[in-house]
Amino acid sequence: MIVSRLPVGPLETNCYIIKDENTGLGVVIDPGFHAEQIADEIDKLNVDVKYIIFTHGHYDHSFAAREIAAKTGAQIVMHAADAALFEQGGGIARYVFPPKSDQMIREAYIRPDRLVFGAEGLDVGRLHFDFVASPGHTGGSMLILCEHAVFTGDTFMRGTIGRTDFPESQPEKMSNTIENVVKKLDASLTVYPGHGPVTDMARELRFNPFFQE
């Protein structure tokens, strides 16, 4: 498995391009902004992108999806609980006022092809991706596991967790996510977060203050 990390947009959201070396098939996770940069990396890696997957529905993780889908023909996959959030602009209206925000939403929105409702997964070449619900940052946040890696979006990052003070957040569910989902992940996993540097579960389980008893 080849993983390329591209920090994109004003919040330097990590967009990931994953390629199965055996077949050339792959996915894009969280294409937030800078569609041309992402497309250039797809071409550089020679990836046949089959799916675009959102870890959650916020704008900084999804706004380039329409352009990437148009270029690649990939299907868009996200958790059903965040579909309305994405359709309404992923929270962009908090930072950009109408009519500009309305225009941005119209230009970026594309109907998802596949909604995840539970513990589901998909195969891409010889790679298998598992989706694990991790509500808290948003109601439809999910972890994406593949081989020895977990793509966490804004559920957690190096030394911290995602914010839970947005209107679409579910702070009452974050503690359960940490205790019964995150802390049960294998310590050998490499962690690819939505923001910031790559880390690993062994480090986070030991040093992340939100994971301590």
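Below is a short chat about this predicted model.

Me: How many helices and strands are in the chain?
Reply: The chain has 6 helices and 14 strands.

Me: What share of the residues is buried?
Reply: 54% of the 213 residues count as buried. The accessible surface comes to about 9600 Å², and carbon and sulfur atoms hold 49% of that.

Me: What about contacts between residues at least 6 apart in sequence: what share joins residues at least 24 apart?
Reply: That share is 62%.

Me: Sheets next. In what order do the strands of the 6-stranded sheet run?
Reply: The order is β1-β2-β3-β4-β5-β6, in an open sheet with mixed pairing. The edge strands are β1 (2-8) and β6 (114-116), each pairing on one side only. Neighbouring strands are turned by 20° against each other on average, ignoring direction.

Me: How do β2 and β3 run?
Reply: They run antiparallel, with 4 bridges joining β2 (residues 13-19) to β3 (residues 25-29). Within that pair, Tyr16 stands opposite Ile29 in β3.

Me: Which strands does α1 lie across?
Reply: Helix α1 (residues 35-45) lies across β1, β2, β3 and β4 (48-53). It runs at about 160° to β1. Helix α2 (residues 65-72) also packs on the sheet, touching β4 and β5 (75-79). The direction of α2 makes about 155° with that of β4.

Me: Which salt bridge links those two helices?
Reply: Asp43 in α1 pairs with Lys71 in α2, 28 residues apart. The closest N and O atoms are 3.4 Å apart. Asp43 is partly exposed at 47% relative accessible area. Lys71 is partly exposed too, at 45%.

Me: How many salt bridges does the structure hold?
Reply: It holds 6. Another one joins Lys183 to Glu179, with the closest N and O atoms 3.2 Å apart. Glu179 is partly exposed at 37%.

Me: What about Glu204: which residue does its side chain meet?
Reply: It meets Arg203 in a salt bridge, 3.5 Å from N to O.

Me: Is Glu204 buried or exposed?
Reply: Glu204 is at 0% relative accessibility, so it counts as buried, the limit being under 20%. Arg203 is partly exposed at 29%.

Me: Backbone now. Where is the cis peptide bond?
Reply: It runs from Pro98 to Pro99, with omega near 0°. Pro99 is in the loop between α3 (83-87) and α4 (100-108). Most peptide bonds are trans.

Me: What is phi at Asp30?
Reply: It is near 60°, a positive value in a residue other than glycine. Asp30 lies in the loop between β3 and α1. Asp30 is also buried, at 1% relative accessible area.

Me: And what is phi at Glu147?
Reply: Near 50°, again a positive value in a residue other than glycine. Glu147 lies in the loop between β9 (142-146) and β10 (149-153).

Me: Last one. Which glycine takes a positive phi in the hairpin of β7 and β8?
Reply: Gly125 does, near 60°, in a hairpin with 2 residues between the strands. Strands β7 (residues 120-124) and β8 (residues 127-133) pair in the antiparallel sense over 5 bridges. Gly121 stands opposite Asp130 in β8.

Definitions and conventions
Residues are numbered from 1 along each chain as its sequence is written. This is a predicted model: local features need pLDDT of at least 70, side-chain atom pairs count only at pLDDT 80 or more; totals for chains, interfaces and linings use all residues. Side-chain values use heavy atoms; hydrogens and water are left out. Two strands pair if DSSP finds at least two bridges between them. Axes are lines fitted to C-alpha atoms, for helices over the stretch in contact, and angles run from 0 to 180 degrees between N-to-C directions. Contact means heavy atoms within 4.5 Å. Buried means under 20% relative accessible area, exposed over 50%, partly exposed in between (1.4 Å probe, protein chains only). Accessible areas come from the Shrake-Rupley method with a 1.4 Å probe; for residues, only the protein chains shown count as cover. A salt bridge is a side-chain nitrogen of Lys or Arg within 4 Å of a carboxyl oxygen of Asp or Glu.
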